[in-house]
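Please look through the sequence and the model below before reading on.

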Amino acid sequence: MRVLVTGAAGFIGSSLSQVLLERGDQVLGLDNLNAYYDPRLKQARLDRLLPYKNFSFVRASLEDRPAVEAAFDSFGPQRVVNLAAQAGVRYSLENPQAYVDSNITGFLNILEACRHRHVEHLVYASSSSVYGANRKLPFSVEDNVDHPVSMYAATKKANELMAHTYSHLFGLPTTGLRFFTVYGPWGRPDMALFLFTRKILAGEPIEVFNHGRHSRDFTYIDDIVEGVVRTLDQVAAPSPAADGPASPATSHAPYRLYNIGNHQPVELLRYIEVLEQCLGRKAERRLLPLQPGDVPDTWADVEALSRDVGYRPATPIEVGVARFVEWYLQYHGG
Ligand code: NAD
């Protein structure tokens, strides 16, 4: 299969690409290697993919429409996984324009390219952040999510609406996956596990928001990648159940939307304890209030994805955090 993976130098995109390459798919990675966080880490992830003969790479931005179209035309993808995006909740308070550029204009370019080239299936990244604050737990895709509390969340919700429109109007099969706090080797330096590890090893205090009392449905990278591959393999079909209540307007759209999480929320303080055990060091905690844009708790109901594609997250945090630490120490030379 020819699969275009956008965000291929990113945390999830590079891990996904490797699994697709290992099973023999042709993969074209697209990424602009931007400087939101250390581009050397992105390059290092890419360096793991470049030796595969079935891998090619184009450096381009999603919002550069001619470049996106040229990539589609030269490669002719059958399936597309759109992971490139401006990620991060807190940064979206400072730089909302970056989110509109990558996540709205860029995503529109992907939809247009898929539509005009009859791509069989577009899988794209949404986020648990669309659930906003103070919601009933666990989060279900049936819940109303009209109240995002950050521009990041608003653009991810917009992606779901845009995908639905393209599925409905043009019959483009799309599947949105709402990722829940992904962690593991090759993870992102702006996320808690990486930040905490760096600071604990440097003997610096860690900032623990909401006094560590919020919980996250931390999901291990290999479980996520397996779920994405299973979803990609099964082309979205008209599915009134996954589409909310059946209605003449939506019931025939080949549109699906799922949570992809661990279904095991863990309090941040417990996550830190596990990290301390793996590092063999104690953290100095600076307890702070909940930050604007952050949601207090996340917890994924993954029943629909388990039922439809056989998704079964299997990695407890004790195992996943230990694997992250092992990778971190190797990558940073101890
Ligand atoms: P990441 O930042 O590591 O990867 C994104 C990649 O996309 C980066 O390599 C970046 O250079 C590239 N990129 C960004 N904007 C681009 C643009 N306009 N054009 C081309 N390339 C661009 O992030 P990740 O953690 O791998 O996340 C992948 C996707 O999953 C994102 O859409 C993110 O919003 C979503 N997501 C991730 C998490 C998580 O916990 N990691 C949670 C929810 C949703």
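A residue is called buried if 20 or more other C-beta atoms lie within 10 Å of its own, and exposed if 12 or fewer do. The model is a predicted one. Helix H7 covers residues 192-202, and its buried residues are Ala192, Leu193, Phe196 and Thr197. These residues lie on the same side of H7, because the arc they cover around the axis is only 120°. In general, an α-helix has 3.6 residues a turn, so residues three or four places apart point the same way. The cover over the buried residues of H7 includes strand S7 (182-183), strand S8 (206-208), helix H9 (268-279) and helix H11 (317-331). After H7 comes Gly203, with a positive phi near 75°.

Helix H3, residues 65-75, can be read in the same manner. Which residues of H3 are buried? They are Val68, Ala71 and Phe72. Their arc around the axis is only 95°, so they sit on the same side of H3. Pro66, Asp73 and Ser74 are exposed and lie on the face of H3 turned away from the buried side. Strand S1 (2-6), strand S2 (26-31), strand S3 (55-59) and H5 are among the elements that cover the buried residues of H3. Just after H3, Gly76 has a positive phi of about 60°.

Now take the chain as a whole. Its secondary structure consists of 11 helices and 13 strands. The radius of gyration is 19 Å, close to the 20 Å that the globule rule gives for 334 residues, so the chain is as compact as a globular protein of that length. Along the principal axes, the C-alpha atoms fill a box of roughly 55 × 45 × 35 Å. Of the 334 residues, 45% are buried. Among contacts with a separation of 6 or more, 80% are between residues 24 or more positions apart.

The largest nonpolar core has 87 residues. Which of them touch the most other members? These are Val5, Val81, Ile110, Cys114, Ile224, Val228 and Ile260. The element that gives the most to this core is helix H6 (residues 151-170), with seven residues.

Arg178 is in strand S6 (residues 174-179). Is Arg178 buried or exposed? Arg178 has 25 other C-beta atoms within 10 Å, so it counts as buried. Not counting residues up to four places away in sequence, Arg178 touches Ser126, Ser127, Ser128, Val130, Tyr258, Asn259 and Ile260. Gly261 is 83 residues from Arg178 in sequence, while the C-alpha atoms of the two are 8.0 Å apart in space.

Ala236 is in the loop between helix H8 (221-233) and strand S11 (255-260). Ala236 is buried because 25 other C-beta atoms lie within 10 Å. Beyond the four places on either side in sequence, the contacts of Ala236 are His121, Pro173, Thr174, Thr175, Pro254, Tyr255 and Arg256. From Ala236 to Leu257 there are 21 residues in sequence and 9.6 Å in space, C-alpha to C-alpha.

Some backbone details are found in loops. The peptide bond from Leu137 to Pro138 is cis, with omega near -10°, and Pro138 is in the loop between S5 and H6. His118 is not a glycine, yet has a positive phi of about 55°. His118 lies in the loop between H5 and S5 and is exposed, with 10 other C-beta atoms within 10 Å. His263, likewise a residue other than glycine, has a positive phi near 60°. His263 is in the loop between S11 and strand S12 (266-267); with 19 C-beta neighbours inside 10 Å, His263 counts as partly exposed.

The last stop is the ligand. Of the 27 residues around the ligand, Gly7, Gly10, Ala85, Ser102 and Ala125 come nearest. Helix H1 (11-22), helix H5 (96-116) and strand S5 (121-127) are the elements that give two or more residues to this shell. H1 provides the largest share, three residues. By residue type, the shell divides into 12 nonpolar, 11 polar and four charged residues.

Definitions and conventions: Residues numbered from 1 in each chain as written. Predicted model: local features only at pLDDT ≥ 70, side-chain atom pairs only at ≥ 80, totals over all residues. Near = placed C-beta within 6 Å. Helix = DSSP H or I, 4+ residues; strand = E, 2+ residues; numbered from the N terminus. Nonpolar A, V, L, I, M, F, W, Y, C, P; charged D, E, K, R; others polar. Core = buried A, V, L, I, M, F, W, Y, C linked by C-beta atoms within 7 Å. Rg over C-alpha atoms; globule rule 2.2 N^0.38 Å. Contact = placed C-beta atoms within 7 Å. Arc of directions from axis to C-beta.
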